[in-house]
Amino acid sequence: MPDWMPWKHEKRRALRTLKDLIERHLQNRLKLARDAWPDDLLTRLLESREDASAFSLQNVRDECMRVFLAGHETTAATLVWWAWCLASNPEAQRVARGELHRVPQGSAPAVETLPAELDYLAQTIKETLRRYPVAPLLISRRTIRAIQLGEWTLPARTLFMIPVHLMHHDPRWFLDPEVFRPERFAPDAPEVPRGAYIAFGAGPRVCLGQHLAMTAMTVIAAMLLQRFVLSVPEGSAPPRPVLNVTLRPDQPMHLAITRADAAIA
Ligand code: HEM
């Protein structure tokens with residue numbers, strides 16, 4: 001239904017809020033002297049306007065909106081699941097924390113520390129995305145002509161979705177699929193068949209932000225583990241994933257955190 005339908009006022013209001021937010025950021029940046037622009041994504045988008053390509057201010061707005069929607073919620077939701085996975089798997093958390101001595105204490109990991117130096121930590125995030133692929137229904141397609149998929153024939157114009165969550169829990173590719181095992185993604189682990197792990201999609205429409213997302217999540221995860229030990233409060237049940245745009249816990253997640261000062265010497 002088009003957005004101007006009377007009962008869609010909530011959506012219109014939400015869109016206005018988002019657009020205003022982005023406009024405020026944009027205008028604040030444009031008000032600043034050019035050499036005071038920080039080196040961030042917005043600056044890079046604005047600078048790309050000076051290329052020969054006709055990248056308009058409206059394009060910058062649209063890109064901001066896309067990054068905000070595609071990039072913010074997915075990354076945040078994954079970190080929530082990651083915190084749960086590490087809290088409920090203390091051994092994996094211990095090993096991940098053990099890597100952090102490579103990062104100067106109290107500082108954020110620098111770009112050269114990533115991802116080579118924090119390999120296991122990155123594996124914990126990839127394994128989190130296997131168990132809880134936060135964008136499990138984004139991957140939909142419509143056939144432009146009839147195609148044969150195994151024993152199935154999909155006529156032209158069939159709309160279908162790839163069941164990422166199911167694929168990630170298929171024991172043919174992931175032994176003991178319910179077990180959190182970051183080592184599945186170790187460099188020397190048996191290779192996962194192409195297409196069996198598609199947390200970021202695959203093919204021409206693969207996630208444009210996957211490397212940015214992995215970098216951001218690894219930095220945040222490292223900074224969290226530097227400071228805190230995560231654990232599951234006694235008696236709490238594992239959260240149930242529900243689809244609410246992204247895959248989220250059905251209840252607010254409560255974890256116990258204690259200072260990690262003593263944990264990394
Ligand atoms: C944990 C984080 C993220 C996950 C799990 C994720 C997952 C996905 C998935 C499954 C798709 C759909 C691919 C398809 O339809 O085949 C997608 C597309 C996309 N993602 Fe992400 N994403 C994440 C973070 C980000 C970030 C941080 C950005 C940008 C800053 C981003 C930008 C995009 C864009 C632009 C597309 C559309 C690509 C296209 O259609 O050409 N994503 N992502």
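**Reading a predicted model, feature by feature**

Reader: Where is the place of Gly 195?

Author: Gly 195 sits in the loop between α6 (164-168) and α7. On the labels: helices are DSSP runs of H or I with at least four residues, strands are runs of E with at least two, and both are numbered from the N terminus.

Reader: What kind of model is this, and how are residues numbered?

Author: The model is predicted: local features need pLDDT of at least 70, side-chain atom pairs count only at pLDDT 80 or more, and totals for chains, interfaces and linings use all residues. Residues are numbered from 1 along each chain as its sequence is written.

Reader: Is Gly 195 buried or exposed?

Author: Count C-beta atoms, placed from the backbone, within 10 Å of the residue's own: 20 or more others means buried, 12 or fewer exposed, and in between partly exposed. Gly 195 has 11 others, so it is exposed.

Reader: How many helices and strands does the protein chain have?

Author: Seven helices and eight strands. Buried residues are 22% of the 265 in the chain. The C-alpha atoms fill a box of roughly 60 × 50 × 40 Å along the principal axes.

Reader: At what angle do the axes of α3 and α5 cross?

Author: Axes are lines fitted to C-alpha atoms, for helices over the stretch in contact; angles run from 0 to 180 degrees between N-to-C directions. Under 35 degrees is roughly parallel, over 145 roughly antiparallel, 65 to 115 roughly perpendicular, the rest oblique. Helix α3 (residues 57-87) and helix α5 (residues 119-131) cross at roughly 105°, with axes coming within 9 Å. So α3 is roughly perpendicular to α5.

Reader: Which residues make the contact of α3 with α5?

Author: Contact means C-beta atoms, placed from the backbone, within 7 Å. Trp 81 and Trp 82 are among those from α3, and Ile 125 and Leu 129 among those from α5. Ala, Val, Leu, Ile, Met, Phe, Trp, Tyr, Cys and Pro count as nonpolar; Asp, Glu, Lys and Arg as charged; the others, Gly among them, as polar. This contact has six nonpolar, three polar and one charged.

Reader: Which residues come nearest the ligand?

Author: A residue is near a molecule if its C-beta atom, placed from the backbone, lies within 6 Å of it. Of the 21 residues around the ligand, Gly 71, Thr 74, Gly 201, Cys 207 and Gly 209 come nearest. α3 gives the most to this shell, with seven residues. The shell divides into 13 nonpolar, six polar and two charged residues.

Key: Contact = placed C-beta atoms within 7 Å.
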